[in-house]
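Visitor: I am new to this structure and would be grateful for a guided reading of it. May we proceed by question and answer?

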Amino acid sequence: MKTNHNLAQCQICKTQKRLSELIPAELIRPALTKLIEKEHPEWSHDGFICASDLNQFRMQYVRDVLEAESGELSALDSEVLQSLKQNELLRSEERRVGKE
């Protein structure tokens, strides 16, 4: 992927971000990599993904696993997923405020 000094591009959202805000694709767990490759066949193990996009795939993976185990999401499963999403929003806000 394109790199410019301390910047690189997220393979999913195509946004240029600082390297400190990106995760190298080679560090992503194989199960998540398979999920990402299904939606983004151009995914490269040499690129990067931003935390926000990675967390979206993590939530999707957890949802898929929970549905596979029980056939549908229970109220508790839905609460867990909502909590994960809320936690990501809080972390994103903390990062944004920390940059100001």
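Visitor: Is Tyr-61 buried, partly exposed or exposed?
Guide: This is a predicted model, and Tyr-61 is found in its helix H2. The relative accessible area of Tyr-61 is 35%. Buried means under 20% and exposed means over 50%, so Tyr-61 is partly exposed.

Visitor: Which residues does Tyr-61 touch, not counting residues up to four places away in sequence?
Guide: Tyr-61 and Ile-36 are 25 residues apart in sequence, with 9.7 Å from C-alpha to C-alpha. Contact requires heavy atoms within 4.5 Å. By that criterion, the residues touched by Tyr-61 are Ala-31, Leu-32 and Leu-35.

Visitor: At what angle do H1 and H2 pack, and how are they placed relative to each other?
Guide: The axes of H1 and H2 are 10 Å apart, and the packing angle is about 105°. The contact is made from H1 by Ala-31, Leu-32, Leu-35, Ile-36 and Glu-39, and from H2 by residues including Leu-54, Phe-57 and Tyr-61. Angles of 65 to 115 degrees count as roughly perpendicular. The two helices, H1 and H2, are therefore roughly perpendicular to each other.

Visitor: In what order do the elements of the protein chain run?
Guide: The secondary structure of the protein chain comes to 3 helices and 5 strands. Read from the N terminus on, the order is β-β-β-β-α-β-α-α.

Visitor: Which residues of H1 are buried, and how are they arranged around the helix?
Guide: On the other side of H1, Pro-30, Lys-34 and Lys-38 are exposed. The cover over the buried residues of H1 includes S5 and H2. Those buried residues are Leu-32, Thr-33, Leu-35 and Ile-36. Seen down the axis of H1, they fall within an arc of 165°, so they line one face of the helix.

Visitor: How many residues has the largest nonpolar core, and which elements give two or more residues to this core?
Guide: In soluble globular proteins, nonpolar side chains tend to be buried together. Here the largest nonpolar core has 15 residues, and those with the most contacts inside it are Ile-12, Ile-28, Ile-36, Trp-43, Ile-49 and Phe-57. The elements that contribute two or more residues are H1, S5 and H2.

Visitor: Which residues does Ile-36 touch, leaving out residues up to four places away in sequence?
Guide: Ile-36 is one of the buried residues of H1. Ile-36 is also among the residues with the most contacts inside the largest nonpolar core. The residues touched by Ile-36 are Ile-12, Ile-28, Trp-43, Ile-49 and Phe-57.

Visitor: Is His-40 buried or exposed, and with which residues is it in contact beyond its neighbours within four places in sequence?
Guide: His-40 is found in the loop between helix H1 and strand S5. The relative accessible area of His-40 is 17%, and the limit for buried is under 20%, so His-40 is buried. Leaving aside neighbours within four places in sequence, the residues in contact with His-40 are Ile-12 and Phe-57.

Visitor: Is Asp-53 buried or exposed, and which residues does it touch, not counting residues up to four places away in sequence?
Guide: Asp-53 lies in helix H2 and counts as buried, at 14% relative accessibility. The C-alpha atoms of Asp-53 and Cys-10 are separated by 8.5 Å, and these residues are 43 residues apart along the chain. With residues up to four places away not counted, Asp-53 touches Cys-10, Ile-12 and Cys-13.

Visitor: What is the relative accessible area of Gln-11?
Guide: Gln-11 is found in the loop between S2 and S3. Gln-11 is buried, and its relative accessible area is 2%.

Visitor: What is the phi of Lys-14?
Guide: Lys-14 has its place in the loop between strand S2 and strand S3. With a relative accessible area of 42%, Lys-14 is partly exposed. Although Lys-14 is not a glycine, its phi is positive, at about 65°.

Visitor: What percentage of the residues of the protein chain count as buried?
Guide: The accessible surface of the protein chain comes to about 6,900 Å², and 52% of it belongs to carbon and sulfur atoms. The protein chain has 100 residues, and the share that count as buried is 28%.

How values were computed:
Residues numbered from 1 in each chain as written. Predicted model: local features only at pLDDT ≥ 70, side-chain atom pairs only at ≥ 80, totals over all residues. Heavy atoms only, no water. Helix = DSSP H or I, 4+ residues; strand = E, 2+ residues; numbered from the N terminus. Buried < 20%, exposed > 50% of the residue type's maximum accessible area, 1.4 Å probe, protein only. Areas by Shrake-Rupley, 256 points an atom, 1.4 Å probe, with all protein chains shown as cover. Core = buried A, V, L, I, M, F, W, Y, C linked by side-chain atoms within 4.5 Å. Arc of directions from axis to C-beta. Axes fitted to C-alpha atoms, helices over the stretch in contact; angles between N-to-C directions. Parallel < 35°, antiparallel > 145°, perpendicular 65-115°, else oblique.
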